[in-house]
Amino acid sequence: MFERFTRGARAAVKGAVAQAERAGAGSVTEEHLLLALLEQEGGRAAFAVTALGLHDRRSSLEASFAEARRRGGLTRADTEALAGIGIDVGAIVSRVEETHGEGALDAGRGGRRWWRSGHRPFTPGAKSVLENSLRVALGCGDRFIGEEHLLLALTAKPGSVADVLAEHGATHTAVRRALYGSDDGAAGQGHAQAG
């Protein structure tokens with residue numbers, strides 16, 4: 001599958017590894033993939049990210065990710081659903097943090113594993129995004145996987161990254177529209193070139 005990745009997509013994957021290293025994370029997550037895409041310049045994903053105003057709101061995105069990690073990875077929709085049945089996630093997080101310290105529910109904070117190979121593994125969620133980027137590319141009629149396909153795959157995978165992106169106006173539909181000018185999957189055919 002990686003032979004289909006453009007230079008930009010490969011750079012995004014390498015950038016995600018670098019993001020994980022800078023954060024001291026034991027593995028590469030979907031969040032790291034998005035943050036790497038935010039740092040890229042000149043590609044289709046960079047155009048969409050800029051058009052949607054995500055570059056200007058990076059600190060807000062990072063704060064939202066930190067809050068999601070604090071909630072143990074629960075999305076806002078999860079939190080609202082639990083509130084609907086009388087479970088106050090905020091109160092639970094506060095009580096856990098009173099006992100175990102701030103960020104105790106952050107799934108990515110503990111248990112760092114340093115692999116003999118020196119490589120950080122990708123989480124199942126990050127692997128899923130990479131796999132789904134192939135489906136997105138094929139759905140667009142492309143024979144390559146570009147960083148734009150990674151971005152669309154991030155918006156399509158339910159979870160905290162898609163949730164945070166949606167909070168910032170970058171839904172799957174909005175990203176597709178920024179990339180292709182329409183919601184039609186065929187709109188992407190022939191628009192990007194493999195690099």
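The entries below go from the whole chain to single residues.

**Ground rules.** I am working with a predicted model, in which local features need pLDDT of at least 70 and side-chain atom pairs count only at pLDDT 80 or more, while totals for chains, interfaces and linings use all residues. I number residues from 1 along each chain as its sequence is written, and side-chain values use heavy atoms, with hydrogens and water left out.

**Confidence.** I checked pLDDT (the predictor's confidence in each residue, from 0 to 100). The chain averages 83, and 82% of the residues score at least 70. By element, the mean is lowest in H6, at 72, and highest in H8, at 96. Residues 109-117 fall below 50, and this stretch has 12 contacts in the model beyond near neighbours in sequence. Residues 185-195 also stay under 50, with 23 contacts beyond four places in sequence. By contact I mean heavy atoms within 4.5 Å.

**Overall make-up.** I found 10 helices and 0 strands. Helices here are DSSP runs (H or I, at least four residues; strands are E, at least two), numbered from the N terminus. Of the 195 residues, 43% count as buried; buried means under 20% relative accessible area, exposed over 50%, and partly exposed in between (1.4 Å probe, protein chains only). Among contacts with a separation of 6 or more, 64% join residues 24 or more positions apart.

**Core.** Which residues have the most contacts inside the largest nonpolar core? They are Leu 54 and Leu 151, in a core of 43 residues. A nonpolar core is a set of buried Ala, Val, Leu, Ile, Met, Phe, Trp, Tyr and Cys residues joined through side-chain atoms within 4.5 Å. Helices that each supply at least two residues of this core include H1, H2, H7 and H8. The largest share, 6 residues, comes from H2.

**Leu 54 and His 168.** Setting aside residues up to four places away in sequence, I see Leu 54 touching Leu 38, Val 49, Leu 61, Leu 165, His 168 and Ala 170. I followed His 168 to the loop between H9 and H10. Is His 168 buried or exposed? It is buried, because its relative accessible area is 7%. With the sequence limit of four places again, His 168 touches Leu 52, Leu 54, Arg 57, Ser 60, Leu 61 and Ser 64.

**H9.** The buried residues of H9 are Val 161, Ala 162, Asp 163, Val 164 and Leu 165. Their cover includes H2, H4, helix H5 (76-84) and H8. Just after H9, Gly 169 has a positive phi of about 85°.

**H7.** I tested the length of H7 (residues 124-139): at 1.5 Å a residue, its 16 residues should span 22 Å, and the end C-alpha atoms are 22 Å apart, which agrees. The expected span is 1.5 Å times one less than the number of residues. Buried in H7 are Gly 125, Ala 126, Val 129, Leu 130, Ser 133, Val 136 and Ala 137. An α-helix has 3.6 residues a turn, so residues three or four places apart point the same way. Helices H1 (7-23), H2 (30-39) and H8 (147-156) are among what covers the buried residues of H7. Gly 141 follows H7, and its phi is positive, near 85°.

**Ile 92.** I looked up Ile 92 in helix H6 (residues 89-100). Ile 92 counts as partly exposed because its relative accessibility is 43%. Its C-alpha atom is separated by 9.0 Å from that of Arg 71, 21 residues apart along the chain.
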